[in-house]
Each structure stands twice: as structure tokens, then as C-alpha cells.
Amino acid sequence: MKVIITGATGMVGEGVLLESLAHSDITEVLSVSRKPTGRSHPKLKEYIVADFLSLPENDEKLTGYDAVFFCAGISSLGIKEPEYRRITYDTTLAFARAVTPSPKISFVYVSGSGTDSTEKGRIMWARVKGKTENDLMKLPFKQAFGFRPGFMEPVQGQKNVLSFYKYILWMAPVIRFIAPNMINTLQEVALAMIEAAQNGYEKNVVEVKDIGILARRARQR
């Protein structure tokens with residue numbers, strides 16, 4: 001399987017990148033980002049793009065792949081809805097069209113726990129991500145998924161971990177004990193993406209519990 005990863009210079013994308021490079025079923029990884037990953041690997045190729053909105057539809061550099069793991073994104077803190085929508089919704093849909101949607105490719109979009117599929121709730125970011133999920137699923141992909149992880153533990157070797165994690169990572173075992181449906185490791189998230197892209201899943205909206213199920217399936221193969 002050949003995969004495209006966006007956001008590989010961020011925490012989620014880097015975790016998915018590392019697991020994808022290590023996975024025996026993945027033969028090529030194309031990182032599409034605004035800046036280089038700073039990594040070198042025989043499987044890794046890079047496509048530096050200043051603005052995803054500038055990508056042409058059916059971009060030749062993005063053809064011939066089996067899956068997209070769209071991990072790029074920003075926090076909604078301090079951003080008004082029009083700008084957040086442009087960065088989150090417009091950018092994601094533009095990228096989806098650039099990869100040429102077809103029944104040969106799966107698209108995995110990382111949204112987040114609490115995303116609003118009705119698009120009508122009071123929480124701005126949840127509405128925008130809900131619309132992004134919904135409209136991706138209307139495109140003619142093999143299957144489009146909205147992944148909704150909760151708290152995520154970084155994988156070994158990560159460089160791009162959110163700064164505040166050093167203060168809260170000690171809580172991970174506690175969360176896993178008292179609220180197991182609120183936490184995944186980034187390895188689990190990555191394995192679940194690969195499993196869903198390869199073999200499909202009965203749900204298009206993939207919650208924390210589903211991520212665990214998919215990761216276990218991947219490990220059993």
C-alpha cells in the first residue's frame with residue numbers, strides 16, 4: 001500500500017508517519033506539508049506545498065496512492081469561524097479533490113472526539129469538523145472515514161509533541177483505568193487508519209472505542 005500523510009510535522013501526523021514507515025504492508029509514504037519533516041527513510045518522499053488551497057484538482061503528484069491519512073489541522077482557540085472554516089473545511093476538501101477521489105483510494109480524516117455530525121450544535125469547531133466529515137463522505141472514495149480520537153499518547157521517537165504534554169502525560173494510566181473510551185496511543189490510531197484503509201470498516205465515523213477495535217484487528221493479521 002502507498003499512502004499520503006498530511007500534517008507529518010505535527011504531533012498526530014508524525015505519530016502516523018513513524019508507524020507507517022515501520023509497517024511492512026506500506027511500501028511508500030508521501031508526506032505533503034508546508035515544511036520538510038527532517039527525516040530520511042527509504043520509503044519516504046516529500047511534497048512541500050505552501051497552501052493546500054493552491055493545489056490543482058487531480059494533481060499528478062498525488063496520483064497512484066491507495067490511501068490518504070489527513071492529519072493536518074489547527075486548534076480553534078482564538079480563531080473566528082470564517083478563518084477556522086477556511087483552514088479546516090476548505091483546505092481539507094481542496095486536498096481531497098487534488099488527490100482525485102475514486103473507488104481505488106481511501107481517505108482518513110482526523111477530526112476529534114466531540115465532532116458534531118448534525119452541523120447544528122453550539123460548538124463552532126465541532127460544527128465545522130462535522131461538515132468536513134460529512135462532505136468528504138459524499139465524494140466517490142473507496143471509503144472516507146472521520147477519525148475521532150480523544151487523548152492520545154505519543155509514540156517512541158516523536159519530536160513533535162505538544163509542549164503541555166510533559167505536564168499531563170502522567171495522567172494517561174489513570175485515564176486508561178477510569179475512562180478507557182477517552183484515550184488511545186498514537187500507535188493505535190495509526191494502526192487503525194492502516195487497517196481501515198486496507199480492509200474497510202462498518203462505520204465511517206470512527207470513535208475512540210472503534211480505534212481500539214481496528215488496532216487489535218491490525219495486530220492480529
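Let me start with a cut-off: a residue is buried under 20% relative accessible area, exposed over 50%, and partly exposed in between. Take S75. Its relative accessible area is 45%, so S75 is partly exposed. Please keep in mind that this is a predicted model.

Stay with S75 for a moment. Where does S75 sit? In the loop between strand 4 and helix 2. A polar atom of the S75 side chain lies 3.1 Å from the backbone nitrogen of L77. S75 and T88 are 13 residues apart along the chain, and their C-alpha atoms are separated by 9.7 Å.

What is the order? Strand 1, residues 2–6, and strand 4, residues 67–70, are joined by 4 bridges. In that pair, V3 stands opposite A67 of strand 4.

Next, the helices on the sheet.

Zoom in on strand 5, residues 106–110, which holds V108. Is V108 buried or exposed? Its relative accessible area is 0%, so V108 is buried. What does V108 touch? Leaving out residues up to four places away in sequence, V108 touches V68, F69, F70, F145, F147 and M193. F69 is 39 residues from V108 along the chain, yet their C-alpha atoms are separated by 4.9 Å.

On to charges. How many salt bridges does a search of the whole structure find? The search finds 12. One of them joins R39 and E14, with the closest N and O atoms 2.8 Å apart. R39 is in the loop between strand 2 and strand 3 and E14 is in helix 1, so this pair ties together parts that are 25 residues apart in sequence. E14 has 1% relative accessibility, so E14 counts as buried. R39, at 21%, is partly exposed.

E83 is partly exposed at 37%, and R86 is partly exposed at 32%. In helix 3, residues 124–136, D135 and K131 are 4 residues apart, again about one helical turn. Their closest N and O atoms are 3.1 Å apart in a salt bridge. D135 has a relative accessible area of 9%, so D135 is buried. There is also a network of salt bridges linking K2, E28 and K45.

Last, a charged residue without a partner. E19 is in helix 1, residues 11–22. E19 is buried yet has no salt bridge. How far away is R219, the nearest side chain of opposite charge? R219 is 7.2 Å away. What E19 does have is a polar contact of 3.5 Å with the side chain of Q187. Setting aside neighbours within four places in sequence, E19 contacts Q187, A190 and L191.

Key: Residues numbered from 1 in each chain as written. Predicted model: local features only at pLDDT ≥ 70, side-chain atom pairs only at ≥ 80, totals over all residues. Heavy atoms only, no water. Helix = DSSP H or I, 4+ residues; strand = E, 2+ residues; numbered from the N terminus. Buried < 20%, exposed > 50% of the residue type's maximum accessible area, 1.4 Å probe, protein only. Lys, Arg positive; Asp, Glu negative; His and termini not counted. Salt bridge = Lys/Arg side-chain N within 4 Å of Asp/Glu carboxyl O. Polar contact = N/O pair within 3.5 Å; in protein donor to acceptor, adjacent residues only side chain to side chain. Contact = heavy atoms within 4.5 Å. Pairing = 2+ DSSP bridges.
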